[in-house]
Amino acid sequence: MNAFAQSSAASPSAWKIDAVFLFIAGVSLFFFLLVEGMLIYFAIRYRRRKGAEEGATSEVRGNFILEVVWILVPSLAVLAFFIYGYVVYRDVTSPQPGSSDINVVTGQFVYEFKYPDGRATMDELRLPVGKPVKLIMTSRDVIHGFFIPDYRIKQDILPGRYTYLYLQPDKEGTFDIYCTQYCGVGHSTMRAKLIVMPPDAYAAWKSQGEGAKTAMSITEKGKALMEKFGCLGCHSTDGSVKVGPSFKGLYGREKHLEGGKEVTADEQYIRESIFDPGAKVVKGFPNVMPTYKGSMTDDDVAAIIAHIKTLN
Amino acid sequence: MTENTADGKALSGNGRSRGYLEEKGFRSWALTLDHKRIGALYLYTTLFFFLLGGIFALLMRIKLMYPGQQIFSDQTYNVLFTLHGSVMIFLFIIPAIPSGMGNFFIPLLIGARDVAFPRINLASYWIFVAGIIVIMGSLLRPMDTGWTFYTPYSAKTAANVTLLSFGIFLIGMSSILTGLNFIVTIHKLRAPGMTWHRLPLFIWGMYATSIIQVVATPVVGITFLLLAMERLFGVGFFDPAKGGDPLLFQHFFWFYSHPVVYVMILPAMGIISEVIPVFSRKPIFGYKAIAYSSLAIAFIGFFVWGHHMFVSGMSKTASIIFSFLTFFVAVPTAVKVFNWIATMYKGSITFESPMLYALTFIFLFTFGGLTGMFLGALATNIHLHDTYFIVAHFHYTMVGGTVVGFLAGLHYWFPKMTGRMLSEKMARWGWLLTFIGFNVTFLVQFYLGYKGMPRRWAEYPPQYQSLNIVSTVGSWIMAGGILIMVSNFIHGFFRGDPAPSNPWKGLTLEWQTASPPPTENFETIPVVTDWPYAYAKRKTTGDG
C-alpha cells in the first residue's frame with residue numbers, strides 16, 4: 001500500500017509535531033481502552049439472559065467522589081495536551097535564527113515564489129538544505145492554503161495581508177505542497193513542489209539556466225522604488241528624524257502608537273502603514289502620510305519591506 | 001400479536017385508537033396546532049433531506065474512487081460537497097432532533113398538553129419550509145463554496161450564494177422561534193410536582209440547546225445579511241479589495257457554527273440519557289452531573305469558536321487562548337460518558353434496537369471525541385487542519401454521535417409516535433450494516449488525513465487511492481444499512497404490529513399515555529411525585 005510505505009517526516013517541525021501526536025495518541029488510547037472496555041464488559045457481564053426474569057438492580061443514583069475523580073483526571077490530561085501542543089506550536093511558528101526571506105504570492109491556482117535576488121519560480125520552491133527560511137505570503141484573490149504534509153505544518157494565505165510560515169529544510173528531497181483552503185474549481189490541482197537541494201547543486205541552479213538572475217535583487221528594487229515614490233523625503237535611512245520615523249532599525253522594533261498601544265514593526269505593520277497610513281500612527285508624529293494604495297503594487301511593497309530590513 | 005392495553009396506566013380508549021393521527025386531510029396537517037403533528041412534519045421533512053444528503057455523499061464517494069475519475073466533472077464534485085454539507089447541517093441535523101423530536105416529546109415528557117405558543121410553532125415550521133424553497137431556488141446556479149461560505153471566495157463566485165444564504169437566514173429564524181417556544185414551555189408548562197430536578201434528561205439537553213439557538217442564531221443571520229449586502233451592493237465588509245477583512249467573516253461564522261455543534265449533539269445526548277437507564281433497568285447514574293454538564297457545554301461552547309481558525313492567520317495569542325478553552329469542553333462531555341457507563345454497572349441489560357444504537361453512540365462518540373484532542377492541541381492542529389482527519393473526526397461526532405443518537409430516538413419512540421412496532425429483526429440488520437459501513441468509510445479517513453490528503457479535493461495524487469476505495473466501499477455498506485432501516489420504518493408505519501402504550505416499560509410520562517397519544521396528550525394532567533429513573537427492582541443500599 002503506497003500511502004503506508006512513504007515514511008515522511010522530513011523536518012524538525014515534523015519530528016516535534018509527530019511527538020505531540022504520539023503523546024496524545026498514547027494517553028487517548030488509555031482512555032479509549034478504559035471507556036470502551038468498560039462499556040463492552042458491562043454490556044456482556046450485566047446482560048439479562050434469555051427468558052430470565054428482570055434481575056434485581058441497584059438503587060444507587062450517583063457517587064460524589066467518582067464525579068470529582070472523573071472531572072479531575074480528564075482535566076489533567078487535557079491540560080497536558082494543551083501545554084505540550086502550545087510549546088511545540090510556539091517553537092514551529094517562530095522564526096529560526098539566520099533565516100532568509102522568500103515572498104510567496106498565490107492566485108487561483110498557482111504559487112509564485114520570489115527569491116531575494118529577484119528571481120521568481122512558479123509552483124516550485126527550491127531551497128538549499130540546512131538553511132532556515134521564512135515565507136512571507138499573500139494572495140492576489142481569495143484565501144489559499146500552504147501545506148507541506150512532510151513538514152506537518154500549514155498556514156492559510158490571505159488577500160490584503162501577510163501570513164508567515166517558517167521552514168527548516170533539514171533533509172534533501174522533493175516534497176508536496178498542497179492548497180488546503182477551497183479556492184475554486186481548480187483547488188484540488190493547486191499543488192506545488194518543495195525541492196530541497198544540496199548546497200552546491202543549489203548554487204549551480206542559482207547561477208545558470210532557468211534560475212539565472214534576470215532582474216535586480218529584491219532589495220535593490222526596493223531602494224529604487226523608495227526613491228521613485230519619494231519616501232525618502234520624509235523618512236531617513238540613517239536614523240535622523242524627519243517628518244516621519246526613520247527606516248533605520250525600524251523592522252522588528254516595538255513602536256509606541258498614538259493612543260497608547262504598542263505594535264511590533266513587522267512586515268504586516270509596514271504594509272498596513274503604506275496602504276493605510278492613518279491606521280497606526282507612531283506616537284509623536286503627525287498623521288500626514290498619504291496612502292499608496294493603488295499606486296504601489298503588492299510586489300513593490302514586498303521589495304520596499306525587503307530593503308527596510310537591510311537598514312537594521 | 002394481540003393488542004396489549006392491559007399495562008397502560010392512563011390509556012385512553014383502546015389500543016386501536018389512532019390518537020392524534022385520527023383526523024385526515026391536507027388542512028388537518030398543514031394548519032395543525034398540535035405539537036405532535038408539527039413534530040411529525042419536521043421529522044418527515046428532515047428525514048427526506050437526510051436521504052437526499054446521503055445520496056450526495058454516495059456520489060462524492062464514487063468520484064473519489066480513483067484519481068482522474070470523469071463520470072462527472074470536478075466542478076460537479078465541488079457542488080456536491082457543498083450541497084452535502086449544507087443539506088445535512090441546515091436541513092437535517094440542526095432541525096431533526098430539536099424541532100422534530102423536541103416538538104413531539106417536550107410536552108409529553110413534562111406532562112403538558114402542548115407547547116407554550118402553538119401558533120408560533122406552526123409559523124416556525126412554515127418559515128422552515130419557505131427557507132427550503134429558497135434554498136432549492138439557489139440550485140439554478142448551484143454553489144461551490146462549501147457549507148462554510150468563506151469570503152472573499154463566496155463574495156466573488158458567480159453561484160447563487162445570496163439566495164442560499166437568504167434561505168439559511170429563514171431557517172435560522174425558524175430555529176429561533178422554536179427555541180424560544182421550548183424555553184417558555186419548559187419554564188411554564190411542567191406538570192404539577194415536576195421540579196427542575198425531576199425533569200427527564202432529554203429536557204435538560206433540549207433546554208441547553210434552545211438557549212444556544214436563541215443566542216447564537218441571530219449572529220449567523222446577520223452574517224449572511226452582511227454577505228448579501230457585499231454581493232448585491234458592493235459594500236466591503238469581508239473583501240480586502242474593498243477594505244474589508246476576510247477573517248471577520250470566519251469569526252462571525254464560527255461564533256454561530258461552533259455553538260451550533262452543540263445544538264446538534266446535546267439533544268442526542270439527552271436521548272441517550274433516556275435510553276440507557278430504561279434498557280439497563282437502573283436509575284441514571286449522576287443525574288445532576290449529566291444535567292448540569294449540558295449547561296456547561298452550552299456555556300463553554302460559546303468561547304471556543306477560534307479553534308476552527310488556528311491556521312487562518314488569526315493572532316497567535318488568540319489561538320493559544322482558544323486552544324486552552326477548547327480542551328475544557330471535553331471535560332463535561334467525558335463526565336456524561338462516564339455516568340452513562342456507570343448506569344450500566346450491575347444493571348439488567350437488554351439489547352433491543354434503541355439500546356444497540358445508544359451503545360453505538362457511546363462507542364463512536366468517545367472515539368470522535370478523543371480524536372478531537374489532536375485537533376484542539378495547537379501543534380497537531382497545524383498539521384491535521386483541513387485534511388481528511390477533520391472530515392473523519394466530525395463524521396464520528398456528527399454521524400456516530402448525533403445521527404446515531406437520533407436513530408436511537410427514532411427506534412425508541414417509533415411505537416409512541418405511530419402506535420405500531422418496528423420489526424426488531426430488520427432493525428438489527430439495519431443497525432449492523434450501518435455500524436460496519438460507517439466505520440469502514442470513516443476510520444481510514446483519519447489515516448488519509450494524517451498522510452496529508454486535504455478535504456474538498458475533487459482530484460488527488462495516486463498514493464491516496466487504495467484507502468479511498470476502502471472508504472467508498474464502506475459508504476455502500478452503510479447505504480445498505482440505511483435502506484433496510486428506512487424500509488423498516490415504512491413497513492412498520494403501515495403494517496407493524498400495534499404497539500402497547502409502554503413497550504419498553506419506561507417511567508417517563510410519554511409512556512403513561514396511549515400509543516399514539518390522543519390530541520390532548522393526557523386525559524388528566526399527571527401529578528409527578530418522583531423522578532423518572534426509579535428503575536431499580538429491589539432496593540439495596542451502599543452498593544457500587
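In E3(A), Thr121(A) is the bridge partner of Phe113(A). E2(A) and E3(A) pair in the antiparallel sense over three bridges; strands count as paired if DSSP finds at least two bridges between them. Helices (H or I, at least four residues) and strands (E, at least two) are DSSP runs, numbered from the N terminus. This is a predicted model, in which local features need pLDDT of at least 70 and side-chain atom pairs count only at pLDDT 80 or more, while totals for chains, interfaces and linings use all residues. Residues are numbered from 1 along each chain as its sequence is written, and chains are lettered from A and ligands numbered from 1 in the order in which they are written.

The open sheet holds five strands in the order E3-E2-E1-E5-E8 (chain A), with mixed pairing. Strand E3 (120–122) and strand E8 (163–167) of chain A stand at the edges with a single partner strand each, so one side of each has no neighbour in the sheet. From one strand to the next, the twist averages 25°. In the loop between strand E1 (100–107) and E2 of chain A lies Phe109(A), which a cis peptide bond joins to Gln108(A), with omega about 0°.

Let's turn to E6 and E7 of chain A. Strand E6 (residues 144–148) of chain A runs antiparallel to E7(A), and five bridges join them; Ile148(A) has Ile153(A) of E7(A) as its bridge partner. Strand E7 (residues 153–157) of chain A has five of its five residues buried (20 or more other C-beta atoms within 10 Å of a residue's own; exposed means 12 or fewer, partly exposed in between, with C-beta atoms placed from the backbone). Ile153(A), Gln155(A) and Ile157(A) cover one side of E7(A), and Lys154(A) and Asp156(A) the other.

## Helices of chain A

Helix H2 (residues 12–45) and helix H3 (residues 64–92) of chain A have axes that come within 10 Å and cross at roughly 175°. Axes are lines fitted to C-alpha atoms, for helices over the stretch in contact, with angles from 0 to 180 degrees between N-to-C directions. H2(A) and H3(A) are therefore roughly antiparallel (over 145 degrees). Their contact includes Phe23(A) of H2(A) and Phe81(A) of H3(A); residues are in contact if their C-beta atoms, placed from the backbone, lie within 7 Å.

Which residues of helix H5 (residues 218–228) of chain A are buried? They are Ile218(A), Thr219(A), Gly222(A) and Lys223(A). These cover an arc of only 145° around the axis, which puts them on the same side of H5(A); the arc is that of the directions from the helix axis to the C-beta atoms. Glu227(A) and Lys228(A), on the other side of H5(A), are exposed. The buried residues of H5(A) pack against strand E2 (110–114) and helix H7 (298–310) of chain A.

## Meeting chain B

The contact between the chains takes 69 residues from chain A and 79 residues from chain B. On the side of chain B that touches chain A, H13(B) gives the most, with nine residues.

Chain B has its own backbone details. The peptide bond from Thr151(B) to Pro152(B) is cis, with omega near 0°. Arg456(B), in the loop between helix H16 (424–450) and H17 of chain B, has a positive phi of about 60° although it is not a glycine.

Technical notes:
Angles under 35 degrees count as roughly parallel, over 145 as roughly antiparallel, 65 to 115 as roughly perpendicular and the rest as oblique. Two residues are in contact if their C-beta atoms, placed from the backbone, lie within 7 Å.
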